[in-house]
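Me: Could you look at this one with me? I'd like to start with the pocket and then move on to some packing.

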Amino acid sequence: MASKRALVVDDSKSARVILSRMLEKYDIEVDMSESAEQAIEYLKHNRPDAIFMDHLMPGMDGLQAVQAIKGNPQTAMIPIMMYTSQEGELYVGQARALGAMGVLPKQVRPVDVSKVLYELHLLPDRRDMTEAALAPVELEGGTPVVRPPPAAGAAVDWGRRVESAVRDQAADVRRFMVASLDSFASRIVSDVRDSLAAPPLEVPPPAAARASRPAWPWAAGVAAACLIAISFAACWLIAREDLAKSRAEVAGLTSANAELQRARLDLSASVKDLTAALAATSANTGTAPGAAVGAGGGASAPRAEPVPYGELPFDRGRLEVLRELLAKLQAQGFHGVVKITSLSGLFCLSGNTADGFTPAGAGVPASKCDLVGNPFEESLSGQQRQSLAFANLIAGVRQRTAGAITVAIENAGSARPSMPYPARVESLTAGEWNRAAAANNRVEFAAESSSDR
C-alpha cells in the first residue's frame with residue numbers, strides 16, 4: 001500500500017517537529033511549511049492526503065488559509081485539521097464552517113492522534129483489513145479446483161483479533177449454557193405438571209417399579225450440573241483477567257501520582273530558592289522587590305516574577321502584578337512605557353516528543369536528562385504567550401490613561417539568565433540544575449518615564 005503524505009503548517013519550528021514525529025510513527029510522510037503563504041505555494045505543485053493547519057501565524061492566519069484552499073477547486077477535496085491551542089465550541093464551529101474537519105490541540109495525546117488519523121483516512125479502517133481465508137473450491141468440468149486465497153492487503157492485528165474471538169466465544173458459551181438450563185427447567189416443569197394431572201395408577205411391586213423407572217432425569221440433572229460448573233469456570237476466568245487489568249491500571253496510576261508528588265516538591269524547592277535570591281538581590285541594591293517609579297519620573301529597577309514550567313508567561317500571578325503596577329503608576333500621574341519582558345529557563349527534562357516533557361526528578365543525574373531546554377516556551381507564538389484577561393488589561397491601559405501609559409511586550413528568550421547555571425560535573429543533579437532554570441524562567445516588569453527617553 002502506498003504511504004500517505006501530510007502537510008504540517010505552523011510558524012513554530014518545535015510544534016512542526018513534534019507533530020511530524022508523531023505522524024512518522026504511523027509511516028506517514030510529512031512535508032512542512034512555516035507560513036500559510038508558503039503552504040498555498042506548495043499546493044500548486046503537490047497534493048498531500050491531509051493538511052494540519054496552525055491558527056495564529058504572521059501574515060495570513062490559519063482560517064484564512066483554510067478558506068483559500070477550500071475555495072480552489074483543485075485543492076478543495078484535501079481534508080484539513082486545525083492544529084492549534086485555540087479551543088471552545090465557538091472556534092470549532094467557525095473552523096468547520098470554513099471547511100476544516102475539526103481541531104487537534106497542540107497538547108495532544110498519542111491516542112488522539114490515531115483517532116484523528118482514522119477520521120482523515122490516513123490509517124486504514126480495521127474493518128477493511130483483509131484476513132487470511134480458506135481457499136475456495138470450485139468445480140470445473142466435474143473436477144474440483146482449489147483457488148488460492150487473495151493476498152493480504154494490510155497487516156492484521158492478530159493479538160486484538162484473537163482476544164476479540166476469545167471474548168465472543170465466551171459470550172456464546174454463556175448464552176448456550178443459559179439456553180440449555182432454561183430448556184431443561186421447562187422440560188422438568190412440564191413432566192411434573194403431567195404427572196400431577198394424570199390419574200392414579202396401580203402401585204406395582206417394588207422390583208417392577210425400579211425396573212420401569214426412566215433413567216433420563218438423572219442424566220438431565222448430571223448434564224445441568226456440568227453446564228453450571230462450566231459456566232462458573234468461564235465467568236471466573238474472565239473476572240480474573242479483568243482483575244489483573246485493573247491491578248495494572250492502579251499500579252500505573254500510583255506511579256504517576258508519585259511522579260507528580262516529586263515534581264511538586266521540586267517546584268516548591270525552586271520557588272524557595274528564587275525567593276531567597278530575590279531577597280538577596282534586594283538587600284544588595286537597597287531597594288524593595290517590585291519598587292515602582294516615583295511620581296517625579298525615572299526608570300524603575302525591573303521586577304522579576306517566576307513562571308513555573310508549563311505555564312503561560314503572561315497569565316495568573318503575572319497578571320495581578322501588572323494590574324497592581326498600572327494602578328500605582330496611574331495614581332502617581334506617571335507618563336511613559338511599562339516594559340514587560342519574557343525570559344526562558346533551560347530545564348533538565350524527562351519524557352519524549354510524543355507524550356510530552358516534565359522536569360526531571362530532583363535526584364536524577366543531570367547527565368540522564370532526556371532534553372535540556374524549554375520546548376513548551378518555544379511552541380508558543382506571540383499571541384499564545386498571554387491569556388485573554390492579560391490581553392484585555394493591556395488593551396485598555398491606553399484608553400484608561402488617555403495615552404499617558406503604554407505597554408510594550410518583548411520575548412528575550414534564554415539570553416539573559418539572572419542566576420548562572422551550575423557547572424556540568426558528574427555529581428550534578430537535575431534538582432540543582434532546575435533551581436537555576438526556575439530562577440531564569442521569569443517575567444520582568446520595568447517602567448520607563450517619557451522624560452528619560
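Me: Which residues lie nearest the centre of the largest pocket, and how many line it?

Reply: The largest pocket is lined by 38 residues, and Y309, G310, F357, T358 and P359 lie nearest its centre. A pocket here is an open set of points on a 1 Å grid over the protein atoms alone where a 1.4 Å probe fits, with protein on both sides within 12 Å along at least five of seven lines, and lining residues have an atom within 4 Å of a point. This is a predicted model, in which local features need pLDDT of at least 70 and side-chain atom pairs count only at pLDDT 80 or more, while totals for chains, interfaces and linings use all residues. Residues are numbered from 1 along each chain as its sequence is written, and side-chain values use heavy atoms, with hydrogens and water left out.

Me: What volume does the largest pocket have?

Reply: Its volume is about 880 Å³, taken as the space filled by probe spheres set on the grid points, which are joined across faces, edges and corners.

Me: Which element gives the most to the lining?

Reply: That is α8, with eight residues; elements that each supply at least two include α1 (13-24), β10 (347-352) and α12 (430-440). Helices (H or I, at least four residues) and strands (E, at least two) are DSSP runs numbered from the N terminus.

Me: And what's the lining like by class?

Reply: It has 20 nonpolar, 10 polar and eight charged residues, where Ala, Val, Leu, Ile, Met, Phe, Trp, Tyr, Cys and Pro count as nonpolar, Asp, Glu, Lys and Arg as charged, and the others, Gly among them, as polar.

Me: Changing topic, at what angle do α3 and α4 pack?

Reply: Helix α3 (residues 62-71) and helix α4 (residues 89-98) pack at about 25°, with their axes 9 Å apart. That makes α3 roughly parallel to α4, a label for angles under 35 degrees. The axes are lines fitted to C-alpha atoms over the stretch in contact, and angles run from 0 to 180 degrees between N-to-C directions.

Me: Which residues meet there?

Reply: From α3, L63, V66, Q67 and K70 meet Y91, Q94, A95 and L98 of α4, contact meaning heavy atoms within 4.5 Å.

Me: Is A95 buried or exposed?

Reply: A95 counts as buried, at 0% relative accessibility, the cut-off being under 20% relative accessible area with a 1.4 Å probe and protein chains only. Beyond its neighbours within four places in sequence, A95 is in contact with L63, M82 and A100.

How values were computed: Parallel < 35°, antiparallel > 145°, perpendicular 65-115°, else oblique. Buried < 20%, exposed > 50% of the residue type's maximum accessible area, 1.4 Å probe, protein only.
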